[in-house]
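Let's take a walk through this structure together.

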Amino acid sequence: KRFLTQDMVPVEVISVNTCVLQQGEHFMGMGMIGNDQLASIENELLLTKDKQVVRILVMHHHLLPVMYSEQPKVSQMYSMMLDSEAVSQFAVKNGIGLVLHGHTHKEYYAEIVRQNETMDKQKFYVVGLGSTGAVQADLSEGRNNMFAVLSFSKDELQIKQYDLKPSGETSSPVKTYRIPLHELGYGTNAG
């Protein structure tokens with residue numbers, strides 16, 4: 001999805017399916033995008049390859065581990081992305097500055113620095129937005145469901161996360177992240 005903000009900042013929101021594996025008895029909780037889906041998206045991004053644009057990748061599963069620790073159990077399925085490094089390299093190669101995810105029922109924030117094809121360092125952000133529709137028993141550590149609002153100005157992206165209480169009431173912002181647009185690929189010479 002491509003759009004312009006009020007300040008005429010071009011934004012591309014790229015949605016991917018991370019649930020390509022069977023989610024029944026096998027691969028429960030595990031995400032994967034796969035090479036075919038990445039190649040198809042990369043082809044679509046050629047349209048704006050040499051343009052300054054904010055690119056946001058949106059997916060269900062988390063790109064990086066977000067649980068502090070999981071108990072090892074025999075025959076246990078663990079919450080992970082099987083192709084997370086492939087997706088990280090895809091993000092760097094294609095100028096994706098922000099990855100948004102859910103899945104873990106909790107908020108999460110990371111700044112990732114990788115080298116691109118020319119060996120320059122490139123940063124992208126990963127923000128976990130929690131869950132919006134999970135039953136209370138599935139929420140980790142007594143958390144509530146959450147939602148986020150993304151607001152663009154001419155210089156930054158602001159992400160505000162809110163609790164969504166069982167009563168339907170919302171909280172004041174629980175977390176606020178401010179990311180300069182130049183760190184997302186806009187207003188720089190990188191394209």
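Start at Gln158, which is buried, with a relative accessible area of 14%; buried means under 20% relative accessible area, exposed over 50%, and partly exposed in between, with a 1.4 Å probe and protein chains only. Before going on, a word on what you're looking at: this is a predicted model, where local features need pLDDT of at least 70, side-chain atom pairs count only at pLDDT 80 or more, and totals for chains, interfaces and linings use all residues. Residues are numbered from 1 along each chain as its sequence is written, and side-chain values use heavy atoms, with hydrogens and water left out.

Gln158 lies in strand 10 (residues 156-164). Helices (H or I, at least four residues) and strands (E, at least two) are DSSP runs, numbered from the N terminus. Which residues does Gln158 touch, leaving aside its neighbours within four places in sequence? They are Val149, Leu150, Ser151, Thr176, Tyr177 and Arg178, where contact means heavy atoms within 4.5 Å. Pro180 is 22 residues from Gln158 along the chain, and their C-alpha atoms are separated by 8.7 Å.

Now zoom out to the sheet around it. Three strands form an open, antiparallel sheet in the order 9-10-11; two strands pair if DSSP finds at least two bridges between them. Strand 9 (145-152) and strand 11 stand at the edges with a single partner strand each, so one side of each has no neighbour in the sheet. The twist averages 20° from one strand to the next; axes are lines fitted to C-alpha atoms, for helices over the stretch in contact, and angles run from 0 to 180 degrees between N-to-C directions.

Strand 10 and strand 11 (residues 170-180) pair in the antiparallel sense over eight bridges. Ile159 has Tyr177 as its bridge partner in strand 11, while Leu164 has Thr170. The hairpin of these two strands has five residues between them, and Gly168 takes a positive phi near 95° there. Glu156 is partly exposed at 25%, and Arg178 counts as exposed at 53%.

Six strands form an open sheet in the order 1-2-4-6-8-7, with mixed pairing. Its edges are strand 1 (2-4) and strand 7, each with a single partner strand, so one side of each is left without a neighbour in the sheet. Strand 4 and strand 6 (residues 98-101) run parallel, joined by four bridges, and Val58 stands opposite Leu100 in strand 6.

Two helices come next. Helix 1 lies across strand 1, strand 2 (10-15) and strand 4, running at about 165° to strand 2. Helix 2 (residues 84-93) has Val87, Ser88, Phe90, Ala91 and Val92 as its buried residues. Their cover includes helix 1 (35-45), strand 4 (54-59), strand 5 (80-81), strand 7 (107-115) and strand 8 (121-129). Just after helix 2, Gly95 takes a positive phi of about 65°.

How many salt bridges are there? The count comes to seven. Lys123 forms one with Glu111, the closest N and O atoms being 3.2 Å apart. Glu111 lies in strand 7 and Lys123 in strand 8, so this pair ties together parts twelve residues apart in sequence. Lys123 also forms a salt bridge with Glu183, at 3.3 Å between the closest N and O atoms. Finally, Arg2, Glu12 and Arg55 are linked in a network of salt bridges.

Conventions:
Salt bridge = Lys/Arg side-chain N within 4 Å of Asp/Glu carboxyl O.
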